[in-house]
Amino acid sequence: NEPHILISLGTHLPWAKQPVAEFIQRLAKELPELEFHFSFGKAGGQTVKKIKNISFYDYIPYDLYMYHYRAAIIHGGTGVTYSCVKAGLPVLVWPHDYDQFDHAVRIVHNNLGLRLSEDVSVCAKQLKQLLIDNKIQTACKNFRAKATQYNPGERVLECLKNL
């Protein structure tokens, strides 16, 4: 019954994954009532290593499992950001590269989550806030509803027909 939290930096950023995994271990000690699932983003495997309230996976397919989580800690990459929106998940966003900083600003601006603090105690408070904040929960629910009405393939075809 404990809330499960996804942690993913996508399939890129190999240099960032170990330091983030170490940070999450410190965070998990602060929040023993939560269950953390860390994805290393290595396609082809489902290896699990469990340390107390953290499970480490080689890969977690978003489309299959995203709806089982209550929140996510992400880097703000396009794929995981859109998967969180489609699932209505609030996020702590921790951008590292490229377009992730732009996505982080949009996430915060639209009340879909918070910019992660690298202070473990502050981050623990932020994560708790994601789980109870009505403004964030409502925004996530509203964006989820919008996402279900949007079909990008149809939109592209519509634009092509109008050329």
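Here, "buried" means under 20% relative accessible area, "exposed" over 50% and "partly exposed" in between, using a 1.4 Å probe and protein chains only. The model is predicted, so local features need pLDDT of at least 70 and side-chain atom pairs count only at pLDDT 80 or more, while totals for chains, interfaces and linings use all residues. Residues are numbered from 1 along each chain as its sequence is written, and side-chain values use heavy atoms, with hydrogens and water left out.

**Exercise 1.** Classify the pairing of Phe23 and Trp94, and say which parts the pair ties together.

*Solution.* 
- Rings of Phe, Tyr and Trp (its six-membered ring) pair if their centres lie within 6.5 Å; planes under 30 degrees apart are stacked, over 60 edge-to-face, and the rest tilted.
- The structure holds four aromatic pairs.
- In one of them, Phe23 and Trp94 sit 5.0 Å centre to centre with 65 degrees between the planes, which is edge-to-face.
- Phe23 is in helix H1 (residues 14–30) and Trp94 in the loop between strand S6 (91–93) and helix H4 (100–109), so the pair links parts 71 residues apart in sequence. Helices (H or I, at least four residues) and strands (E, at least two) are DSSP runs, numbered from the N terminus.
- Both Phe23 and Trp94 are buried.
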